[in-house]
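Have the structure open while you read.

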Amino acid sequence: MTDLELYERVRQKDKEALEILYDRYERILYAFVLQLTKDRDLAEEAMQEVFIKLWRGGGVYDESKGKFRSWLFTMSRHVAIDLIRKRKPDLQLDESYAEAIPSESPSVEKEAEWQEERAQIETAMATLPTEQQQVVRLMYFQGLSQQKIADACGIPLGTVKGRVRLALKQLRKQLSHEFIGKEVEQ
């Protein structure tokens, strides 16, 4: 189920959909707001506020303006900044500080997205037979040519090519489902 489908169900007060979204984003968002707040209690409070806001319909996601995930990160950033200001009223957020937080956010968001995609790739890799995993890792993660893989593994070049072809076909099949789901969110 896509994030957009879950969001629509949450808007209709489906608690199960909220739980799924929470499970999907809890760790990534917590790491994100913890980096912003530098305070575990504040980060936990921000997480709670984000999901309460989502449940109550605070802020409305418009898919024409970007991905749901980006919208959720933006809302989390705003909630975290508001909490920082409430908890530390003596802390004057000057323009440089206020601008510094958003300017750092995209890299954190991209890092979180990359971590999620990496986990999906690792999960897909784990479904491959061991010999296919080996050639894919040597070729794509260590940069060896197919001939060097054949020499290193002591197998014919044609076998290496066949294993790579079968592995990529299987990975493409598994990962396309994930990426199609992401494109639907956009």
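## Two helices side by side

In this predicted model, helix α2 meets helix α3 through Lys15, Leu18, Leu21, Tyr22, Tyr25, Glu26, Leu29, Tyr30, Val33, Leu34 and Thr37. On the α3 side, the residues they meet are Arg40, Leu42, Ala43, Glu44, Ala46, Met47, Phe51, Leu54 and Trp55. Sort the residues of this contact by kind and you get 15 nonpolar, 1 polar and 4 charged.

How do you describe two packed helices? You give the angle between their axes and the distance between the axes. Here, α2 covers residues 15-37 and α3 covers residues 40-56. Their axes come within 9 Å and cross at roughly 145°. As for handedness, the crossing of α2 past α3 is right-handed.

## Rings that pair up

Now for the aromatic rings. The count for this model is 9 aromatic pairs. Any such pair is described by the distance of the centres and the angle of the planes. Here are two of the pairs:

| Pair | Distance of centres | Angle of planes | Kind |
|---|---|---|---|
| Tyr22 and Phe51 | 4.9 Å | 70° | edge-to-face |
| Tyr61 and Trp71 | 5.6 Å | 50° | tilted |

Why does Tyr22 with Phe51 count as edge-to-face? Their planes stand at 70°, and anything over 60 degrees gets that name. Tyr22 belongs to α2 and Phe51 to α3, so this pair ties together parts that lie 29 residues apart in sequence. Are the two residues buried or exposed? Tyr22 is partly exposed, at 36% relative accessible area, while Phe51 is buried, at 7%.

The planes of Tyr61 and Trp71 are at 50°, so that pair is tilted. Tyr61 sits in the loop between α3 and α4, and Trp71 is in helix α4 itself, 10 residues apart. Tyr61 has 7% relative accessibility, so it counts as buried. Trp71 is buried as well, with 17%.

Tyr61 and Trp71 also belong to a cluster: together with Tyr7, Tyr25 and Phe68 they form one aromatic cluster.

## A stop in a loop

Finally, look for Ile155 in the loop between α7 (146-153) and α8 (157-185). Its relative accessible area is 19%, and since buried means under 20%, Ile155 counts as buried. What does Ile155 touch, leaving aside its neighbours within four places in sequence? Its contacts are Ala150, Val160 and Arg163.

Terms used
Residues numbered from 1 in each chain as written. Predicted model: local features only at pLDDT ≥ 70, side-chain atom pairs only at ≥ 80, totals over all residues. Heavy atoms only, no water. Axes fitted to C-alpha atoms, helices over the stretch in contact; angles between N-to-C directions. Helix = DSSP H or I, 4+ residues; strand = E, 2+ residues; numbered from the N terminus. Left-handed = near helix turned anticlockwise from the far one by under 90°. Contact = heavy atoms within 4.5 Å. Nonpolar A, V, L, I, M, F, W, Y, C, P; charged D, E, K, R; others polar. Phe/Tyr/Trp six-rings, centres within 6.5 Å; stacked < 30°, edge-to-face > 60°. Buried < 20%, exposed > 50% of the residue type's maximum accessible area, 1.4 Å probe, protein only.
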